[in-house]
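Subject: Two-chain model for you to look over

Hello,

I am handing over the structure we talked about. Please open it next to this note, and then read on for what was found.

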Amino acid sequence: MYIGPFYFDTKEIFLILAIMLIAAANYFGWSIYWFDKKVLLTIVLLMLITKGLLPAIHNEAFFILALVTVFLTLYLPVFQVVLFYFISFVLFRLLKVV
Amino acid sequence: MRPIKKYVPLILAILVSFLISSFMISEVFIAQSPRINPYFVSNIKEKAITAVMGKVGTFVAFLQNKPYRPSGETIEEEASRKGAVAKILEKGLKPVAKGIHAASSENNSYTEYTLNDVEWVVIEFTDSDGNVHKFEIPKGIEYLYR
């Protein structure tokens, strides 16, 4: 789908939808079980940015990393999750996963 | 590529990055924030030295077939030192200065300091380069330091 000069694939649309929903939940005070809304919003924003920089061929690796990262937000401090996310991308590159 | 082979580097990268992030959050950064610990390098150096020296000490003791003793004293040396101290204590300690009691016997000496009672005086010492150093020493035994 084109929005202006930019092309968005379905996963990016879903990420934007997720951001809107989490932002709405944060604004209206809807509760999301176990998850911290601000942490989740930060992580999903980072995911949207990295997804935009990654070619669509690497969607599978991105999907697995995204699942693990979202799961880890339940247990780890947000800064460690952000570190984990970026180090994973560096290692993906070094190990030629992406 | 076989599916399993395809996922091995991916899982490896995720596991290794988890380990690296756990290490960094506890050692490199302060209080789970992006602020870098200025003592990171010296802390790591100290931890490595402590870990290695502990292992080396244990290994040397193992080679000598003796239990590892952090003080470096053998059991005989420690028993001899304790015996000498007991002998001195039997004779009783004499007051040397306010808050300091001491006694000696043969090659051993024993001193007890009651820090709250000690009165301190400052003496100055000039070295060969002309730098002045100030020391605090117990009052009444200044002559020992001159």
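A contact here means heavy atoms within 4.5 Å. With that in mind, residues 24 or more positions apart account for 7% of the contacts in chain B with a separation of 6 or more. For chain A the corresponding share is 54%. Please note that this is a predicted model.

The two chains

Chain A has 98 residues, and 44% of them count as buried. It holds four helices and two strands. From the N terminus the order is β-β-α-α-α-α.

Chain B has 146 residues, of which 18% count as buried. Three helices and five strands make it up. Along the sequence they follow the pattern α-α-α-β-β-β-β-β.

Helix α4 of chain A

This helix covers residues 78–94. How does its length compare with what 1.5 Å a residue predicts? The 17 residues should span 24 Å, and the end C-alpha atoms are 24 Å apart, so the two agree.

Is α4(A) enclosed or open? Twelve of its 17 residues are buried, so the helix is largely enclosed by the rest of the structure. Here is the buried set:

- F79(A), Q80(A), V81(A) and V82(A)
- L83(A), F84(A), Y85(A) and I87(A)
- S88(A), F89(A), L91(A) and F92(A)

Both chains contribute to the cover. From chain A it includes α2 (37–53) and α3 (59–72). From chain B it includes α1 (3–27). After α4(A) comes K96(A), with a positive phi near 60°.

α3(A) against α4(A)

These two helices pack at about 160°, and their axes lie 10 Å apart. Angles over 145 degrees count as roughly antiparallel, and α3(A) and α4(A) are therefore roughly antiparallel to each other. The crossing is right-handed.

On the α3(A) side the contact uses A61(A), F62(A), L65(A), V68(A), T69(A) and L72(A). On the α4(A) side it uses V81(A), F84(A), Y85(A), S88(A), F89(A) and F92(A). By class, that gives ten nonpolar residues, two polar and no charged ones.

α3(A) against α1(B)

The helix α3(A) also packs on chain B. Its angle with α1(B) is about 30°, with the axes 11 Å apart. That makes the pair roughly parallel, since angles under 35 degrees count that way. This crossing is right-handed too.

From α3(A) the contact takes in E60(A), A61(A), I64(A), L65(A), V68(A) and L72(A). From α1(B) it takes in K6(B), Y7(B), L10(B), I14(B) and F18(B). Nine of these residues are nonpolar, none polar and two charged.

Two single residues

Take K51(A), in helix α2 of chain A. Is K51(A) buried or exposed? It is buried, because its relative accessible area is 1% and buried means under 20%. Which residues does K51(A) touch, leaving aside its neighbours within four places in sequence? They are D9(A), K11(A), E12(A), L15(A), N59(A) and F62(A).

Then look at N107(B). Where is it found? It sits in the loop between β2 (100–105) and β3 (108–113) of chain B. Its relative accessible area is 77%, so N107(B) is exposed. Its C-alpha atom is separated by 9.1 Å from that of A84(B), a residue 23 positions away along the chain.

Best wishes

Technical notes: Residues are numbered from 1 along each chain as its sequence is written. Chains are lettered from A and ligands numbered from 1 in the order in which they are written. This is a predicted model: local features need pLDDT of at least 70, side-chain atom pairs count only at pLDDT 80 or more; totals for chains, interfaces and linings use all residues. Side-chain values use heavy atoms; hydrogens and water are left out. The expected span of a helix is 1.5 Å times one less than its number of residues. Buried means under 20% relative accessible area, exposed over 50%, partly exposed in between (1.4 Å probe, protein chains only). Axes are lines fitted to C-alpha atoms, for helices over the stretch in contact, and angles run from 0 to 180 degrees between N-to-C directions. Angles under 35 degrees count as roughly parallel, over 145 as roughly antiparallel, 65 to 115 as roughly perpendicular and the rest as oblique. A crossing is left-handed if the near helix is turned anticlockwise from the far one by less than a right angle, and right-handed if clockwise. Ala, Val, Leu, Ile, Met, Phe, Trp, Tyr, Cys and Pro count as nonpolar, Asp, Glu, Lys and Arg as charged, and the others, Gly among them, as polar.
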